[in-house]
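Subject: The structure I promised you

Hi there,

Below it I have written out what turned up, in plain words.

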Amino acid sequence: MPREAELSLNEREFLLQALRENVRLDGRPFDTFRNVELKFGEEYGVADVQLGKTRIVVRVSCDVTAPYPDRKFDGIFNITTEFSPMASPAFEVGRPNESEVILSRILEKAIRRSSALDTESLCIIAGQKCFAVRADIHVLDHDGGLVDAACIALIAALQHFRRPDVTVEGENVTVYSLREREPVPLAMLHHPLCVTFSYFHSGEVVLVDATLAEEQVRESEVIVTMNRHGEICQIAKYGGSPIDAVSLLTCTSSALGKVQALWKYIQEKLDEDAKKRDAGGLMAELSAENAR
Amino acid sequence: MPLDTSTYSLALLRLDGRRWNELRRIHAQISTQAAADGSSYLEMGNTKVICTVAGPAEGRRGAVGGGSQSEMRIEVEINIAGFAGVERKKRSRADRRNAELSHTVQSALESTLLTHLYPHSTLTLTLHILAQDGALLAACINAATLALVDAGVPMYDYLVACSAGSTSASAAAPPSSSAIPGLGGIGGNRSVGADADDPLLDLNGLEEQELPYLTVGTQGDSDKVVVCVMETRCHASRLEEMLAVGIDGCKRVREILDGVVRAHGKKMIENE
């Protein structure tokens with residue numbers, strides 16, 4: 001199994017020395033994200049996020065299946081991750097490496113366990129039919145910050161996705177195609193976003209959104225997932241060098257600001273996209289939320 | 001399974017009769033397995049873990065993957081016994097939850113052990129979880145620490161972990177004084193239920209299902225956090241008290257573990 005190319009000693013020294021002098025290699029301030037660029041596809045539920053050189057595409061899709069027998073009133077929601085070998089030579093198809101396991105676990109905890117998507121709203125007939133929503137995360141280019149970028153892409157894609165409208169009459173379910181009826185957005189309860197903090201020089205330097213090079217040199221990382229209401233959905237510090245408890249608290253408060261700014265950006269992009277789709281101004285009339 | 005934790009605010013006693021800052025019983029033994037280089041058995045309440053250490057030894061030939069060869073590699077294997085939980089479940093080896101757990105123990109140990117003293121070698125830890133009743137990660141970390149002490153692997157300090165939670169106002173609806181007028185009167189100056197979100201130390205399995213909680217791991221009795229894992233949603237304002245209670249718990253766990261190690265050492269000297 002090939003490994004990620006390690007930084008040479010010189011590069012390592014240079015990066016650390018620069019950080020000691022309060023300079024990042026790409027000239028960013030310590031507490032800013034790289035440029036986030038979010039694009040939506042032609043179809044509903046496709047989001048393409050570029051965070052610096054990192055690029056992630058998420059595709060959300062759904063179909064109708066039977067719910068799990070122990071969860072009759074819930075729909076099904078699954079997140080799968082795939083690291084494409086074109087992103088990095090260290091990624092192999094079909095053999096999840098450690099970072100893939102961590103990414104999928106973090107997203108699982110951040111989005112699924114915090115019940116960002118209301119799975120009960122995916123139920124059609126209790127115990128018999130429900131929607132199974134599936135989000136596929138594809139990492140196309142890897143330059144650090146995978147968790148943050150994947151989370152942005154996933155939330156944007158879920159918010160962008162529309163499921164087909166259904167009507168239930170007794171035991172009969174009619175699923176309307178996109179042509180017949182305007183599809184329905186998913187019921188999102190809140191919008192968690194991840195912010196990764198990287199620690200250097202035994203906690204003296206804290207970076208937001210580290211690049212791959214910085215990730216390879218860092219001493220420890222803290223991944224904080226919050227929504228814009230100030231609720232923490234997940235914190236993960238798996239190990240690494242010891243840090244002050246107080247610094248964890250400052251992480252959460254600065255994460256809140258980042259999350260609010262990111263969500264505002266996603267919202268803007270979603271509005272932009274909605275406007276583009278609403279060609280004749282008919283959307284309001286067609287909306288499935290109107291009374292029939 | 002909704003569980004009624006709202007009684008807490010009435011008596012300030014938890015489901016198992018503990019106060020907010022009480023640990024469960026911790027019972028630990030070391031050198032339990034003669035064949036292993038180091039081993040330990042740890043009970044935190046009803047959570048029971050056996051840990052064995054093999055190595056540091058030459059790594060498997062053709063062993064793949066990470067880490068430079070100038071430092072010791074740490075491999076952690078976690079086995080959750082089928083009978084550990086309430087219902088018998090078959091777990092696949094590629095369980096991601098399990099993988100995350102072992103990744104946490106492994107990377108926490110990497111910063112605690114003096115890995116640079118053993119280049120080109122591998123340390124293998126095997127954790128068997130015999131019974132599960134909350135604080136699984138904390139129990140794994142504590143058991144690993146004891147087994148490593150037994151194996152004589154040099155480390156900076158004990159790596160100890162403990163879980164802490166918060167009685168959330170949303171889960172345990174604060175009983176307004178008008179709802180229970182009698183109690184409000186008896187309570188006198190202590191307003192019953194006003195402080196609905198007390199921090200709790202060392203949650204058991206039932207409490208973990210109900211309340212937001214986190215697991216903190218510290219190095220020795222310093223205030224420095226090595227591990228902090230929170231998986232449940234809770235408001236950011238609760239984090240501070242949960243962390244404070246957790247770190248305080250870690251210090252007490254350290255004393256207990258230290259006592260176990262010293263007692264074992266004493267016994268060894270007497271036997272010789």
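This is a predicted model: local features need pLDDT of at least 70, side-chain atom pairs count only at pLDDT 80 or more; totals for chains, interfaces and linings use all residues.

A:Ser115 is not a glycine, yet its phi is positive, at about 45°. Most residues other than glycine have a negative phi, and most peptide bonds are trans. With a relative accessible area of 29%, A:Ser115 is partly exposed.

B:His120 is not a glycine either, and its phi is positive at about 60°. You will find B:His120 in the loop between helix 2 (96–110) and strand 5 (121–131) of chain B. Is B:His120 buried or exposed? At 53% relative accessibility, B:His120 counts as exposed.

The peptide bond between B:Gly55 and B:Pro56 is also worth a look: this bond is cis, with an omega of about 5°. B:Pro56 sits in strand 3 of chain B, which covers residues 47–58.

Now for a residue on the inside. B:Ser40 belongs to strand 2 (residues 38–44) of chain B, and its relative accessible area is 0%, so B:Ser40 is buried. What does the side chain of B:Ser40 have at 2.8 Å from one of its polar atoms? The answer is the backbone oxygen of B:Ala143. If we leave aside the neighbours within four places in sequence, the residues in contact with B:Ser40 include B:Gln29, B:Ile30, B:Val49, B:Cys51 and B:Leu146.

Next, the charged pairs. Side chains of opposite charge can pair when their charged atoms come close. Over all chains, the count comes to 34 salt bridges. Here are a few to find on your screen:

- In chain A, the side chains of A:Asp48 and A:Arg55 meet in a salt bridge, at 2.6 Å from N to O. A:Asp48 counts as buried at 12% relative accessibility, whereas A:Arg55 is partly exposed at 30%.
- A:Arg218 and A:Glu221 form another salt bridge, with their closest N and O atoms 3.2 Å apart. A:Glu221 counts as partly exposed, at 24% relative accessibility.
- In chain B, B:Glu207 forms a salt bridge with B:Arg14, and here the closest N and O atoms are 2.9 Å apart.

Why does the pair of B:Glu207 and B:Arg14 tie together parts that are 193 residues apart in sequence? B:Glu207 lies in helix 5 (residues 205–210) of chain B, while B:Arg14 lies in the loop between helix 1 (8–11) and strand 1 (26–30) of chain B, so the pair links those two parts. B:Glu207 counts as buried at 2% relative accessibility, and B:Arg14 counts as buried at 6%. There is a network here too: salt bridges that share partners join B:Arg14, B:Asp16, B:Arg18, B:Arg24, B:Asp133, B:Asp202 and B:Glu207.

Finally, have a look at where the two chains meet. The contact takes 36 residues from chain A and 33 residues from chain B. Between them, chain A and chain B bury about 3000 Å², and 56% of that is on carbon and sulfur atoms.

How many salt bridges are counted between chain A and chain B? There are 7. One to look up joins A:Arg105 to B:Glu100, with the closest N and O atoms 2.8 Å apart.

Which parts of chain A each supply at least two residues of the side that touches chain B? They are helix 2, strand 14 (231–237), strand 15 (243–244) and helix 5 (245–277) of chain A. Helix 2 of chain A gives the largest share of that side, with 8 residues. By kind, the residues on that side of chain A divide into 15 nonpolar, 12 polar and 9 charged.

Strands meet across the two chains as well. Strand 14 of chain A pairs with strand 10 (residues 234–235) of chain B in the antiparallel sense, over 2 bridges. To find the place, look for A:Ile232, whose bridge partner in strand 10 of chain B is B:Cys234.

Happy exploring, and do write back with questions!

Best wishes

Note on methods: Residues are numbered from 1 along each chain as its sequence is written. Chains are lettered from A and ligands numbered from 1 in the order in which they are written. Side-chain values use heavy atoms; hydrogens and water are left out. A salt bridge is a side-chain nitrogen of Lys or Arg within 4 Å of a carboxyl oxygen of Asp or Glu. Buried means under 20% relative accessible area, exposed over 50%, partly exposed in between (1.4 Å probe, protein chains only). Helices (H or I, at least four residues) and strands (E, at least two) are DSSP runs, numbered from the N terminus. A polar contact is a pair of N or O atoms within 3.5 Å; within protein, one must be able to donate a hydrogen and the other to accept it, and residues adjacent in sequence count only if both atoms are side-chain atoms. Contact means heavy atoms within 4.5 Å. Buried area is the accessible area (1.4 Å probe) that two parts lose on being put together, summed over both. Ala, Val, Leu, Ile, Met, Phe, Trp, Tyr, Cys and Pro count as nonpolar, Asp, Glu, Lys and Arg as charged, and the others, Gly among them, as polar. Two strands pair if DSSP finds at least two bridges between them.
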